[in-house]
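This report describes side-chain contacts and helix geometry in one model. The sequence and structure come first.

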Amino acid sequence: MAMIDLYYWTTPNGHKITLFLEEAGLLYTIHPVDLNRGDQFKPEFLKISPNNRIPAIVDHAPSEGGAPVSVFESGAILLYLAEKTGKFLPRDLRGRIEVLQWLFWQVGGLGPMAGQNHHFRQYAREQHKYATERYENETNRLYAVLNKRLGDRAFVAGDYSIADMAIYPWIVPYERQGQRLADTPHLNRWFEAIKARPATERAYSRAANISKTPLVLDEESRKILFSQTGAYVR
Ligand SMILES: N[C@@H](CCC(=O)N[C@@H](CS)C(=O)NCC(=O)O)C(=O)O
């Protein structure tokens with residue numbers, strides 16, 4: 001049995017975890033959670049991911065021993081795996097907090113803003129000029145912050161880390177976010193360097209074997225994905 005069960009779909013938050021697992025060389029099994037068909041609401045998935053979102057993991061060999069440990073939220077999973085393996089997160093106080101700041105910058109900033117950007121540019125049926133501009137501008141600002149940060153260093157914080165792994169999958173769809181990497185040369189250089197890593201290639205080829213199109217957007221999937229209210233939480 002693989003050490004880690006990964007509950008996953010082929011979206012940016014899912015890629016973060018395959019990037020880590022491929023880099024660290026941990027044995028893992030992917031359990032696809034087809035978001036288009038409502039697998040995120042299956043009771044067995046909700047037991048480990050109560051927010052009905054991917055990714056989530058179950059670790060069958062926790063470092064302290066004992067019962068398997070489940071973790072949801074991509075940032076928490078990356079932190080858990082980094083602490084488990086001692087990889088991609090420095091141990092010293094200063095190095096560690098540098099990485100954590102940028103990890104939280106991604107989960108609290110770039111992820112939600114680029115996510116809304118995707119929603120209003122690609123998925124909303126009607127045009128919403130105000131919302132589209134708002135999220136495109138905010139994505140643009142965040143890209144500029146990242147570009148500046150990368151102006152004098154190879155990676156976001158020290159060596160390649162869980163912060164880079166959290167950010168990279170949200171830059172991959174830059175065109176669909178209305179962004180141009182030609183405008184941010186340091187970000188562009190970082191992006192190409194991560195793209196060329198063998199572990200990145202392996203992670204994305206695993207995704208391609210599961211689904212070429214993360215969201216299919218037919219009537220059924222639109223209803224599942226875009227009409228969720230508190231009534232879905234049982
Ligand atoms: N803050 C969460 C966000 C997770 C998230 O939004 N996952 C999306 C896919 S990228 C999802 O599962 N969506 C399912 C749905 O909307 O029903 C994390 O970082 O893990």
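The text below covers aromatic pairs, a helix and salt bridges.

This is a predicted model, in which local features need pLDDT of at least 70 and side-chain atom pairs count only at pLDDT 80 or more, while totals for chains, interfaces and linings use all residues. Residues are numbered from 1 along each chain as its sequence is written, and side-chain values use heavy atoms, with hydrogens and water left out.

**Aromatic contacts**

The structure holds 12 aromatic pairs. Rings of Phe, Tyr and Trp (its six-membered ring) pair if their centres lie within 6.5 Å; planes under 30 degrees apart are stacked, over 60 edge-to-face, and the rest tilted. Tyr168 and Phe191 are stacked, because their ring centres are 5.2 Å apart and their planes stand at 25°. This pair links distant parts of the chain, with Tyr168 in helix 6 (residues 162-171) and Phe191 in helix 7 (residues 185-195), 23 residues apart. Helices here are DSSP runs (H or I, at least four residues), numbered from the N terminus.

Tyr168 is buried at a relative accessible area of 3%, and Phe191 is buried at 5%. Buried stands for under 20% relative accessible area, exposed for over 50%, and partly exposed for values in between (1.4 Å probe, protein chains only).

Phe191 also pairs with Tyr174: the ring centres are 6.0 Å apart and the planes at 85°, so this pair is edge-to-face. Tyr174 sits in the loop between helix 6 and helix 7, 17 residues from Phe191 in helix 7. Ring pairs join Tyr168, Tyr174, Trp190, Phe191 and Tyr204 into a cluster.

A charge also sits over a ring: Arg197 lies over the face of Tyr160, at 3.8 Å from the ring centre. The criterion is NZ of Lys or CZ of Arg within 6 Å of the ring centre and within 35 degrees of the ring normal.

**Helix 1**

Helix 1 (residues 12-24) has 13 residues and should span 18 Å at 1.5 Å a residue; its end C-alpha atoms are 19 Å apart, which agrees. The expected span is 1.5 Å times one less than the number of residues. Among the buried residues are His15, Lys16 and Glu22. Just after helix 1, Gly25 takes a positive phi of about 70°.

**Salt bridges**

A search of the whole structure finds 14 salt bridges. The term requires a side-chain nitrogen of Lys or Arg within 4 Å of a carboxyl oxygen of Asp or Glu.

| Glu83 | Arg96 | 3.0 Å |

Glu136 is in helix 5 (residues 129-149) and Arg121 in helix 4, so their bridge ties together parts 15 residues apart in sequence. Glu136 is partly exposed at 22% relative accessible area, as is Arg121 at 34%.

Glu83 in helix 3 (residues 74-85) and Arg96 in helix 4 are 13 residues apart. Glu83 is partly exposed at 48%, and Arg96 is partly exposed at 27%.

Glu138 and Arg141 both lie in helix 5, 3 residues apart, about one turn of the helix. Glu138 is buried at 15% relative accessibility, whereas Arg141 is partly exposed at 43%.

Elsewhere, Arg37, Asp218 and Glu220 are linked in a network of salt bridges.

Note on methods:
Helix = DSSP H or I, 4+ residues; strand = E, 2+ residues; numbered from the N terminus.
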